[in-house]
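Hi there,

Here is the structure I promised to pass on. Please have a look at it first, and then read my notes below.

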Amino acid sequence: MRFRSYDSLKTFDVVARNLSMTKAADEVHQSKGSISYQINKLEAELGFRLFERAHAKLVLTEEGRRLWHVSQTALSQIDREIEDLRGTASGAVTVGALTYFSSRWLSPRLTRFFEANPGISLRIEPFNSVEMLRSVKVDMAILWGIGGWEDHKSELLLSLPAVPTANRAVAERVTQLGLPEAVRQLPLLGDSSGDAGWRAWHKAAGLAYAPSRSSLTIPDSNSRVQAVVDGQGIALWDDLITPEFDDGTLVRLSDVRVENAGYFVIFTDRPMSQGAEAFLNWLRAENDRS
């Protein structure tokens with residue numbers, strides 16, 4: 001049966017971003033009942049649940065995470081294409097970035113960018129891998145990695161070593177198994193580098209890379225943080241997740257780090273506009289002052 005409720009995907013996007021029917025209703029100026037009805041109707045048509053409902057808290061299901069990722073990308077691309085066709089986006093700078101990096105590092109600093117560059121419009125596109133450069137038009141992308149993207153020039157923006165991370169329950173299992181055995185038995189969550197990050201960590205730890213066949217791939221980086229919090233596996237994370245380390249939600253499993261990991265600016269083949277150059281120079285200056 002052909003899917004027809006494309007309008008409902010916009011409502012789904014708002015609820016997924018807020019993980020709250022009430023907040024979503026406030027954002028789109030509708031009643032909570034109307035939002036809940038639209039989500040229930042969408043789930044009925046899809047044939048699977050988008051959210052798990054635990055008291056007042058909503059949590060995306062795995063199906064919900066996958067659909068949200070693809071719908072975010074598609075809706076953003078449609079909006080961008082319409083702006084291009086209208087000729088209204090000629091002065092805008094579009095940056096593809098990991099949602100985790102956007103929320104943890106970029107967003108708290110953006111006020112300073114607009115104060116210094118009042119005439120520049122900025123658009124942040126959710127970006128999960130360098131392959132998205134083929135399908136999403138951006139001026140540059142910011143991705144996590146360990147350096148070197150074939151066919152693309154890159155520049156290290158923020159150097160942050162990464163360590164294996166889990167919630168407390170999984171950390172106790174790691175202690176019981178021993179770390180070398182745990183990274184063979186428990187799911188290792190991937191990231192924007194594919195398995196390059198985990199291969200680099202195993203090499204630094206002096207271990208053979210032989211992960212469990214039980215894998216879980218979550219392209220969206222913010223959703224992957226939540227997956228670790230929910231106990232769905234082990235992931236490599238860095239000091240941007242310090243709040244979760246400090247409050248005990250997540251635990252560092254090892255002192256062995258991927259030392260050359262960090263966030264890189266990935267460049268496209270197109271010449272950069274003045275606005276894009278201004279944003280890049282601002283990124284560099286912000287990193288220097290951090």
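Let me start with the largest pocket: by class, 7 of its lining residues are nonpolar, 7 are polar and 5 are charged. Please keep in mind that this is a predicted model.

The largest pocket holds about 400 Å³ of space. Its lining is made up of 19 residues, and those nearest its centre are Leu19, Trp68, Asp220, Asn222 and Ser223. Two or more lining residues come from each of α1 (6-18), β2 (57-60), α4 (62-86), α5 and α10. Among these, α10 gives the most, with 5 residues.

Next, the cavities. The count comes to 1 cavity of 30 Å³ or more, and the volume of the largest cavity is about 90 Å³. Its lining consists of Leu98, Tyr100, Trp144, Asp191, Ser192, Ser221, Arg224, Leu236, Trp237, Asp238 and Tyr263. The elements giving two or more residues to this lining are α10 (221-229) and β8 (235-237). Sorted by class, the cavity lining has 6 nonpolar, 2 polar and 3 charged residues. Why is α5 (residues 99-106) largely enclosed by the rest of the structure? The reason is that 6 of its 8 residues are buried, with buried meaning under 20% relative accessible area. The buried residues in α5 are Thr99, Tyr100, Phe101, Ser102, Trp105 and Leu106. One of them, Tyr100, is also part of the lining of the largest cavity, and α5 gives two or more residues to the lining of the largest pocket.

Finally, the sheet. Five strands form an open sheet with mixed pairing, in the order β4-β3-β5-β10-β6. The edges are taken by β4 (121-126) and β6 (154-159); each has a single partner strand, so one side of each is left without a neighbour in the sheet. On average, neighbouring strands of this sheet are turned by 25 degrees against each other, direction ignored.

Best wishes

Conventions: Residues are numbered from 1 along each chain as its sequence is written. This is a predicted model: local features need pLDDT of at least 70, side-chain atom pairs count only at pLDDT 80 or more; totals for chains, interfaces and linings use all residues. Side-chain values use heavy atoms; hydrogens and water are left out. On a 1 Å grid over the protein atoms alone, a cavity is a set of points where a 1.4 Å probe fits but cannot get out, and a pocket is an open set with protein on both sides within 12 Å along at least five of seven lines; lining residues have an atom within 4 Å of a point. Grid points are joined across faces, edges and corners, and a volume is the space filled by probe spheres set on the points. Helices (H or I, at least four residues) and strands (E, at least two) are DSSP runs, numbered from the N terminus. Ala, Val, Leu, Ile, Met, Phe, Trp, Tyr, Cys and Pro count as nonpolar, Asp, Glu, Lys and Arg as charged, and the others, Gly among them, as polar. Buried means under 20% relative accessible area, exposed over 50%, partly exposed in between (1.4 Å probe, protein chains only). Two strands pair if DSSP finds at least two bridges between them. Axes are lines fitted to C-alpha atoms, for helices over the stretch in contact, and angles run from 0 to 180 degrees between N-to-C directions.
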